[in-house]
Structure formats: structure tokens, C-alpha cells
Amino acid sequence: MSAPTRELTFNVEGLDCADCAVKIERAVRQLPGAVEVAVAYGSGKLFVKLDARAEPEAVARAVEPLGYKVRPEREPAGEARWWQNPKVKMLGVSAGFLVLALVSQLVWPAAARWVWSAGALVSAAPLARKAWAVLKSGGGLDINALVSIAALGAVLIDAAAEALVVVFLFLIGEVLEGLAASRARGTLRELAKLAPTKARRLEADGRVREVPVELLAVGERIQVPAGERIPADAVVLEGAGAVDESMLTGESAPVPKRAGDPIHASTVLLEGQLVARVSAPAADSALAQIQKLVERADAMKSPTTRVIDRFARYYTPLVVVAAALAATAPPLLFGQPWEVWVYRGLALLLIGCPCALVLSAPAAVTSALARSGRMGVLVKGGDVLETAGRLRALAFDKTGTLTEGRPRLVRVWGMDEREVLPPVAALERSSAHPLAEAILARAEEVGLPVPEAEDLDALPGAWVKGRVAGREVWVGSPAAAGGLPHEVRENGETASVVKLDGEVAAILFFEDAPRPEAAEALERVRALGIETVILSGDREPAVRRLSGQLGGVRYRAGLRPEDKLEALKGLPHPVGMVGDGVNDAPTLAAANLGVAMGNGAQVALEAAGVALVEPNLNRLAHFLELARAALGNIYTNVAVALGLKAVFLVTTLLGYTGLWLAVMADTGATLLVTANALRLLAWRPR
């Protein structure tokens, strides 16, 4: 039996780059009792699973020597002013020495050398302490070590002025990286701010009492007036109104709501007044789930991120070896000047910094996950996002996925619907069968009166009969009626036969209509070069009819769950599956990318890697476009990071660029990569 474990979440202050996240993970993993460790660079959170051997305080003791503050998630971080940031303080000290050195150069040139040297060493000292802490935790040499070595080496070869400038420029880059990371986390903070704090609870005696949303229990009634945010996920009991759901779904048009409709926490009631019954506690609302999933998904590294992390682990030591060879080989082997090649070797240390490369994938993934959350698409990790970006085929379930999931009356043969619907609706008034609901909905839509029925009798699944206004009325399946008249043809619809006084009087035809956005969404998916196919357990005529309505999508009908699994194997990979029902769970889990409709079964939502908050297929098409954009963003970032390093490597060895340009190249690459990734936060579908 496995030992009990605790899952803890910490906020990490000062977590400004993906390389920082790697250091923290490595340090915490060395703790006795650390079972699982994950750091989400994008949200600034540390997720740890500890067994009984480890105390939560040990996490802080392992991380804080690296230069980061760790607080339990439940403990709010103090709002520090920008000038209280340790990196800003370090930059201020460095800037002070820089000004003092320049003044000394003018006033007392003989002392300037010592001011430059002191400034470089004092400014680099905090970096050296961090580097030593990382080295002790088993993290190897990092960028702090490289800059510290470069600064010390420059002082020793009488290039102290450049040493101080290098540290100063590096600290500017560190501060700017922190600002960029804060900007990336802005979307998550905005989501948190959207959550309401108060609710109007209806008490048993009818009075309205304002309470914190955390106190709302499932089943309690709440009142929502116009203009306020809905405090919890709920189902409307009374009233009608229009709700702005754009913060969850990205859809700008208000959504009408009436009795029986679901409403979501943090959406805004624009007009009307509602009384609703709470369906989920505040911690489990759709908004809370989006926030949790985006935060935790960010900690699940994408394949590209894992490859880059492994590469960087060996890359930095190789850079140190290459710099050492560049500094020593020419003087030893060819009699070149030591000070020239030591200087170039130190510059190579800075050029070789892996920051921009390590940041290239996680920055793009974090931005894309935050953007997809704002679109109402929940993604379980960076690996899921990358799979979506590489998708080659996408299979769709039919009922409830491509269709609305409920039948509707589409045509009547034999009689005018205004004549046949009232007596039929009278028989179906007390039935919960989907076809009965479709008949009653159509009668209500047309505004037809529904009379009373007498002498009701029924054979479930086959027929129902009774007397309405003195006439015998019978409604049932074609099989129970002995078949359809020879002149009547089904076109993939479901038929019901109506008999009046024993004679066939009308045939009602029903269909499960395609979602209004389905055809457009499939077209957008195909435009990405992704093959689409319908895999359905429904009858072949019904699936064929739907295929025609959606532009001739390839389909397979009459499939059992195991048949769908076999069908997936025959599609180009990576392959995705979109579904909503319990029977879709095996294929959602087996596909490279599983997508669950937000109104689907819980088991389907758990099996999928992607969930649509609202069952709107355009959201899926938009997400696939975003995933492609994110993948392109990652490739661009890697090219920029490696390309700039290659250029400055050559120019440094040839003597055209020095220490300060080397550190500017590294900082510039990091900022370019970050700025490119942040563009995804403002991404819009075509």
C-alpha cells in the first residue's frame, strides 16, 4: 500500500524565466519525500506532492537560497512596489557605480580603474551567490555563473569598465524579463479578478441575504439582478434575461436565458432578473476550472520544451569548455596574445547563455494556453497544445457533437401540420420521449392549442393511442404501423406514423439537426489541411443525410465503440477525436488528441485532453488555428535564439564584437523571444 501524500501549491516570487523554473524543480526534487514536482513558469506557481517524510517548510528552505521567495498559495503575496524588487535594487547599485566610475574618469582618472573594478565585483556578487546556490543544489553552471566568471575574468585582464557595463546590461535584461513574465501572467490575474466575491442568497423565508460566494452550497437559490456578475454556476428557476458570456466563450452576442438553462459564474446578466439554483460550488465553477487548468497545464511541459531542457543541460558545460579552449588554444598553440583570446573566451561565455533558447517554447506555450482559456477552450497541457498544432486528421461523433443532440420536426406528409399537430401533441403531452418533446416544441413554436386526450394507452417504444375531440388517434413507429405507404420515402430522417380513426393520415419526419456552426467549423478545420471524418453509431441514412448537410464529409455509420477505435487506427496520425458521450470515452482516450464537448458526459471530459466550455465547434476550429500559430511561434523563437548566437559567435571569434555586445545579444534574443510569444495573448481567429 502506497504511503499517503499531500499536494501543495506555492506562489513563487521572482520566477521570471523558464530556466529559473528548471532550477527550482531540480532543487525541490532533491528533498527527501518529494514525490512529484512541477513548476509553471507562466503562472508563477510551484506544484509539489510530498509524502510523510517531508515538511512544507522544507520547500522554502530548498528554493529561497536560489533567490526566489516561496509562499503557500493560500497566503496572499504582499503587493511590493516596483522599486522593492531585488533585481531592480541590484540594477540601481550597478547604475550607481557606473555613474560614479564615469565621474571618476573625468575628475580623478587614476582612481577610475578601482571604481570600475569595485563596481563590477559588487554588482556581480549577488549573481555569484545565486550561481553557487544552484551549483550546490546539483544544477550545474547557469547564466549567473557565466556572467560572474566573465565579469571576474574581465577585471583580471584589466577590462573592468567592460565588466561593469556587462553586468549592468545583464541586470537590465533581467528586469525586463521580469516585466515580460508579469505581462504574460496578466491574463490569469484578469481571470481571477473576474470572480465575484458576494452573492444574493434566497433564504427559506423568502428574504434575500448577501453572503460570500464561498458560503454558497449546491442546491441553494440565488437572485441575480441586471448588471451584476452571476456568483456561481447555476440553473435558472425563474425569470428570463440576456447574459454576456464573452469572458468564457469569446462570443460577443448576449445569450438569452430562461427557466432550465445553465448559467456560469462570473458572466454578466445584461438585462432581466433571474432566480437560479446553484449547481456547483465556487471552487468548481467553469471560471475556476479554466484558471486551474491553465495554471496546471503550464506546468506540463510540451515535447519541444523537454527536448530544449535536455539540450540546455549539456549545452552550457560545452559552452564553458569551448570558451576555455578559445581563451587558451591560440596562445598556447600559435603564440597569440593571451589578453586578446582570454577576452574573446569571456565573450563566448555570454554568447553561449541558453536563456533565450530555454524560454523559446515555454513562453509561447504559456501565452497560447492563457489565450485558449479566454476563448473557452480548456487544455490539459503543453503536450496537448503541440499535438493539436501537428494534427493531420480529426474524427467527429455525430449525435450531440455535430448535431444539437435533440430531434426536431422537419416535415409532415399527408396533412397540414396545423391540423395534425394538436391531436398528436395531446397524446404526447405526458411523455418524456425525445420525439414527443419535439412535437410539443413545434406546436408551441407555431402557436397551436393542445387539447385534452382521453383513454390513453401506450406500448413504450412502439406506439401511443387515445381519443381526442371524439376521434381515435394513434401515433407510432413505422414498424408498429406495418410500414410506410409505398409513395413515402425516408431521407435519413426518423419517421412517426399518425393514424386517425384507424387510417394512416400523416407521416411526421424528424431529424437531429446539425449545429448551426458545424459546417463553417468543419470548413475551417479542412482549410488547415486536416482530414475530417464522421464516426457514428447511428443508422447509415441518418449519417449520410448529415454528411450532405455539412458539405459531403466522409463518414462511417453503424459503429460500435470498438469499431471506432479500429477506424482511428486507419486515419493519418496525429489523429484527434471529438465526442460528448460515455461511449466516446475510449476513442477520446485512444486518440492523440481527445476533444470533449462542454455539455458532454463527465467521463468523456476526463478522458479528453481538450474541453470546450460551451458546445460550439467554432471554438474548436479557432483553437486548432491558435495551436498552429503557437507551433510557428516556437519555431521562430528557436531560430531567433540560435541564429543570433551563431552570428555573434563568428563575429566574436573574428574580433568584431566584445563583451558588452555579447551580453546585449543574449538579452536582445531573450526579449525578442518573449515579445514574440506575448503576441499570442492578443491572437484573433482569421
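A: Start with the whole chain. Of the 686 residues in the protein chain, 52% are buried. The model is predicted. Its pLDDT averages 81 over the protein chain, and 85% of the residues score at least 70. Confidence is highest in strand β13 (residues 393-396), at a mean of 93. Confidence is lowest in helix α20 (residues 602-607), at a mean of 52. Where pLDDT is low, the predicted coordinates should not be read in detail.

The chain holds 22 helices and 24 strands. Among contacts with a separation of 6 or more, 67% link residues 24 or more positions apart. The accessible surface is about 30800 Å². Carbon and sulfur atoms own 58% of that surface.

Now the sheet. Six strands make up an open sheet. Read across, the order is β14-β19-β18-β17-β16-β15. The pairing is antiparallel. Strands β14 (403-413) and β15 (454-459) are the edges. Each has a single partner strand, so one side of each has no neighbour in the sheet. From one strand to the next, the twist averages 20 degrees.

Strand β15 runs antiparallel to β16 (residues 463-468), and four bridges join the two.

Asp455 is not a glycine, yet its phi is positive, about 55 degrees. Most residues other than glycine have a negative phi. Asp455 has 58% relative accessibility, so it counts as exposed, the cut-off being over 50%.

Helix α15 (residues 434-446) lies across β14, β18 (494-500) and β19 (503-514). Helix α15 runs at about 65 degrees to β14.

The peptide bond from His573 to Pro574 is cis, with omega near 0 degrees. Most peptide bonds are trans. Pro574 is in the loop between α18 (561-569) and β22 (575-579).

Notes
Residues are numbered from 1 along each chain as its sequence is written. This is a predicted model: local features need pLDDT of at least 70, side-chain atom pairs count only at pLDDT 80 or more; totals for chains, interfaces and linings use all residues. Side-chain values use heavy atoms; hydrogens and water are left out. pLDDT is the predictor's confidence in each residue, from 0 to 100. Buried means under 20% relative accessible area, exposed over 50%, partly exposed in between (1.4 Å probe, protein chains only). Contact means heavy atoms within 4.5 Å. Accessible areas come from the Shrake-Rupley method with a 1.4 Å probe; for residues, only the protein chains shown count as cover. Two strands pair if DSSP finds at least two bridges between them. Axes are lines fitted to C-alpha atoms, for helices over the stretch in contact, and angles run from 0 to 180 degrees between N-to-C directions.
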